[in-house]
Amino acid sequence: MVANLGYGALIITFLVSLYGIGSAYYGARRKDHRWIASARNAMLLTFPLVTVSALSIIYLLVTNAYEVDYVASVTSNSMPLYLKVTALWGGQPGSLVFWSWLLAAFASAVTLRKWERDQEFLPWVIIVSLVTLAFFLSLSVFIENPFARLWQTSSGQIKTAMLQPMGSIPFIPADGNGLNPLLRHPGMIIHPPMLYLGFVSFVIPYAFAIAALVTGRTDDRWIRITRRWTLVAWLFLSLGLILGGRWAYDVLGWGGYWGWDPVEIAAFMPWLTGTAFLHSVMIQEKRGMLKHWNMILIILTYELVIFGTFLTRSGVLSSVHAFAQSAIGPVFFAFMGLTFVVSLSLLLRRWNELKAGTNMSSMLSREALFLLNNLLFIGILVVCFWGVIFPLISEIFTGQKVTVGPPFYERATAPLFAGLLLLMGVAPLAAWRYSTAKTLGRAMWKPFIASLVVVAFILFSGIRHWAAILGFWLCAFVAAVTLYEFWRGALARHRKSGESLPVALWHLAGRNRRRYGGYIIHLGVVLMAIGIIGIEVFQSETQGTISQGEQVTLGDYSVTFESLSVFDTADGRNVARAVVSIYKDGQFVGELYPRRDYYYESQQPMTIPGVRSTWEDDFYILLVDWQPISTAGVTFKIYHNPLVNWLWLGGFVFILGTLVAAWPDRDLQKSRIKAKSTRYAAAKA
Amino acid sequence: MVDQDFEGSGSPQARSAGRAKFIVGGLLIVAAVVYLIVTSTQASAQYFLTVDELADRKGSDIGRDVRVSGAVIGDTVAYEPETLTLKFTVAHVPGDNSEIEAQGGLAKVLYDAVNDPGRARMEVVYIGPKPDLLRHEAQAIMTGELGEDGVFYADELLLKCPTKYEEAVPGQIEG
């Protein structure tokens, strides 16, 4: 019953979307506001409708309605309530509905804004949103139906179908498959929705870009309207990537946080174009340049969002993210191809109107360095894209599948990332329009000297790894420049207004949130880079089989195996838990409890590391194996991960900076209202 | 890369010289990215082969790391914790996705592979912790070298268990 309700709601939403597309198009062509208003109502109606559908799935999940195939495949009796609810995005059919739900919510929210001066954008924004929504709904309605039920035919076969096949009876399994234990981690429960929120909110700036191209209103209005959407999209995408890294570090048990897995890269690629876009729109706003480029970037971001959803959900490439294969691949490619061609032809139609009035002149000007930053981001994107599709390309041309692994990405992107770090240090000090080596040098020498002092300290501490020293120098340089910028700004304000320095700093950041939020993000990147250099360059590992009371040593640390207990838990796990004592330089620093949980129901073991975290390093120990009867002979794998916590701290600072940048600018709005009222007065006079 | 300054205002010649400088700078970056991609590809490309294809090439020097996928046969998994040596045998599965689809999906292909004694099989040795996902009918994706003894020495081991994620409810394997 509920399944029928949910499926019916999906079909109706699909039809409503089609109607909305048609009436928005007709209204825009005929300039008939009644049709546009009707399309707007259709848009607003999609949200409650998809909500009914999504809530139906949740209801079925929570009530263990195993006659529904999806419910049986992602939940089980023993799962706690919150996991049943979040199983909405535990598999492909549910995820697609979840995607549609978010999109309907965001697009409806946009539709509710005050359009006033932007009336001509409205129908086209509705059309782009609804076309995207209709596409995802059609996948749910026709291919990946989350409400399909299980039936047993007279010959005993089990079939999956929405409607009862002839001569079959309903089939209701006693228990479901359950969510893979590896995914039962807080990071993994909020990681997919964060990524999806990021994916979906990028649809909005794209919709406005297309609206600008169609209507020919190609000034930077569309960018100003969607600035905050873009930042919010970027915020969620960044958060999703960081949480994914944390999940991998905590759960996958290889002491790593990022594996250059195709699915990770699929989420990373729209982030790259989105980041380039965030930077280059500033040049359009300030200097009226790079208009074509911004259009290309947002179109690319949209296509990569679709591509990312496709990759994470289709299993076209081998990956640790073992989601199933499905039939939706060709449909995705057709949709991407179609939207790409339409977007590009719209762009070509407006190509001449988008020409900039001015040219870039100075190669060290802020805008030229921003352009360089964009090229580096696109360079990393090309590396990633090449790596992901290389097996397909090589198969087409040589008949032989050839893949590239993490070393490829590390080698090819490391210099590009280093270049980006360097730019992060130089660009904030470069002037708009015109800047020379001399002016830049004058602005830069103080932070530069400060960074050299840091390098001296590093050399003094005995580190001789040249790449790490270069990396740390870059980090120190960017940090020094960024802090110097805060200091200079606060000092100038302090002198001018007489505010105390902390107050001046607060007001400074408050008045120009995007700029100073951006700087905070840069500081976050620096902290993350420190953590990444630490774990990538200085990670060490060892392993050993020891009996009770014996020790394994790794660097300054040694581990003593104290005891092991094996027991069953009430929620269907068999737990083997070791107690080890950790000594650093011979001093006892604490106990750790690495363990292995075996889930009877899914026959899946899960290794949970014991981790001792400090700002200096992580001591990360895995219980690998043990003898069943005696407590002799337990095997541990041990990682020493220096500085890795700076990565997580950096992630936190990064998100904080994005929040600062995205926070509504009260002063700006006031000044806008003021500007508007003066214009109004001028028009009246 | 950008170590020169340029006066923005000036004669048309100077302006086009400025533009040329930007184009050269852009081309240099493009060239650098292409160089990075080409050299990194050469340095780290791995052939993706099936167990069958690898058996055909036995003895011939492949010259680089190979990536191979196979279905894990549960009975053969043996682990020596003292040396962290993991040994198991995999059975041939098709490498091509469309082929897997045509044969009824990954779960079915894996099921067939381990239950077909006629399939090509290969012994695998891997040093490291025993992965949680290693089990009967899992798909193992291994990177490493084929030794002269016909044993595959893996440096890297990835596992996929489609049945456990979402493929089918128990007993749904169709006859």
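Analyst: Please keep in mind from the start that this is a predicted model. Let us begin with helix α9 (residues 221-251) of chain A and helix α19 (residues 644-662) of chain A, which are roughly antiparallel to each other.

User: Why are α9(A) and α19(A) described as roughly antiparallel?

Analyst: Two packed helices are described by the angle between their axes and the distance between the axes. Here the angle is about 170 degrees, and the axes lie 10 Å apart; because angles over 145 degrees count as roughly antiparallel, α9(A) and α19(A) receive that description.

User: Which residues of α9(A) and α19(A) meet?

Analyst: On the α9(A) side they include A:Leu231, A:Trp234, A:Leu235 and A:Ile242, while the α19(A) side includes A:Trp648, A:Phe654, A:Ile655 and A:Leu659. Sorted by class, this contact has twelve nonpolar, three polar and two charged residues.

User: At what angle do α16(A) and α17(A) cross?

Analyst: Helix α16 (residues 466-497) of chain A and helix α17 (residues 501-511) of chain A cross at roughly 110 degrees, and their axes come within 8 Å. That makes α16(A) roughly perpendicular to α17(A), since the range for this description runs from 65 to 115 degrees. The crossing of α16(A) and α17(A) is right-handed. Among the residues that meet are A:Phe486, A:Ala490 and A:Arg493 in α16(A), together with A:Leu501, A:Leu505 and A:Leu508 in α17(A), and by class the contact has six nonpolar, four polar and one charged residues.

User: In what order do the three strands of the open sheet in chain A lie?

Analyst: The order is β2-β1-β3, and the pairing is antiparallel. The edge strands are β2 (158-161) and β3 (169-170) of chain A, each of which pairs on one side only. Strand β1 (residues 149-152) of chain A is joined to β2(A) by four bridges, and A:Gln152 stands opposite A:Ile158 in β2(A).

User: How many helices and strands does chain B have?

Analyst: Chain B has five helices and seven strands, which follow one another along the sequence in the pattern α-β-α-β-β-β-α-α-β-β-β-α. Of its 175 residues, 37% are buried. Among the contacts in chain B with a separation of 6 or more, 58% are between residues 24 or more positions apart.

Terms used. Residues numbered from 1 in each chain as written. Chains lettered and ligands numbered in written order. Predicted model: local features only at pLDDT ≥ 70, side-chain atom pairs only at ≥ 80, totals over all residues. Axes fitted to C-alpha atoms, helices over the stretch in contact; angles between N-to-C directions. Helix = DSSP H or I, 4+ residues; strand = E, 2+ residues; numbered from the N terminus. Parallel < 35°, antiparallel > 145°, perpendicular 65-115°, else oblique. Contact = placed C-beta atoms within 7 Å. Nonpolar A, V, L, I, M, F, W, Y, C, P; charged D, E, K, R; others polar. Buried ≥ 20, exposed ≤ 12 C-beta atoms within 10 Å, placed from the backbone. Pairing = 2+ DSSP bridges. Left-handed = near helix turned anticlockwise from the far one by under 90°.
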